[in-house]
Amino acid sequence: MSKTVISSDKAPAAIGTYSQAIKAGNTVYMSGQIPLDPVSMELVEGFEAQTVQVFENLKAVAEAAGGSFKDIVKLNIFLTDLSHFAKVNEIMGRYFEQPYPARAAIGVAALPRGSLVEMDAILVLE
């Protein structure tokens with residue numbers, strides 16, 4: 001099986017030993033995105049702004065892979081405070097239409113760079 005590295009300059013550059021995404025066959029495995037501004041590489045402030053930035057970063061990588069949010073079949077959301085879950089749902093509604101992807105929301109003790117939210121996704125392209 002061949003693997004193709006997917007990257008976008010409209011999303012933050014990888015800050016470790018990983019790729020923004022890997023395409024294997026017609027499936028794209030997107031690495032976790034935290035709310036870094038892709039230009040400044042600084043964390044945006046506030047939970048809502050962080051969540052929007054994460055979705056924008058995921059969107060940029062999905063588009064670089066030739067897909068969109070309609071192609072996401074699985075979304076994982078990591079939150080340092082699960083009381084933000086309702087806000088995530090509201091913001092997610094701005095980006096997704098039915099049928100929604102399968103999803104997990106996981107409470108974690110901490111995320112890279114002090115982020116409040118991180119998400120990764122799997123896309124299947126037609």
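1. The buried residues of helix α1 are F47, Q50, T51, Q53, V54, F55, N57, L58, A60, V61 and A62, where buried means under 20% relative accessible area, exposed over 50% and partly exposed in between, with a 1.4 Å probe and protein chains only. Helices (H or I, at least four residues) and strands (E, at least two) are DSSP runs numbered from the N terminus. This is a predicted model, in which local features need pLDDT of at least 70 and side-chain atom pairs count only at pLDDT 80 or more, while totals for chains, interfaces and linings use all residues. Residues are numbered from 1 along each chain as its sequence is written, and side-chain values use heavy atoms, with hydrogens and water left out.

2. The buried residues of α1 pack against β1 (3-6), β2 (21-24), β3 (27-33), β4 (72-79), α2 and β6 (117-124); contact here means heavy atoms within 4.5 Å.

3. Helix α1 has 18 residues and reaches 26 Å from its first C-alpha to its last. This is close to the expected 26 Å at 1.5 Å a residue, the expected span being 1.5 Å times one less than the number of residues in the helix. Just after α1, G66 takes a positive phi of about 90 degrees.

4. The count of salt bridges comes to four, a salt bridge being a side-chain nitrogen of Lys or Arg within 4 Å of a carboxyl oxygen of Asp or Glu. One of them joins E48 to K87, whose closest N and O atoms are 3.5 Å apart. Because E48 lies in helix α1 (residues 47-64) and K87 in helix α2 (residues 85-95), this pair ties together parts that are 39 residues apart in sequence.

5. R94 belongs to α2 and E48 to α1, so the pair links parts that are 46 residues apart in sequence. R94 is partly exposed, with a relative accessible area of 45%.

6. E90 counts as partly exposed, at 38% relative accessibility. Through shared partners, salt bridges join E48, K87, E90 and R94 into one network.
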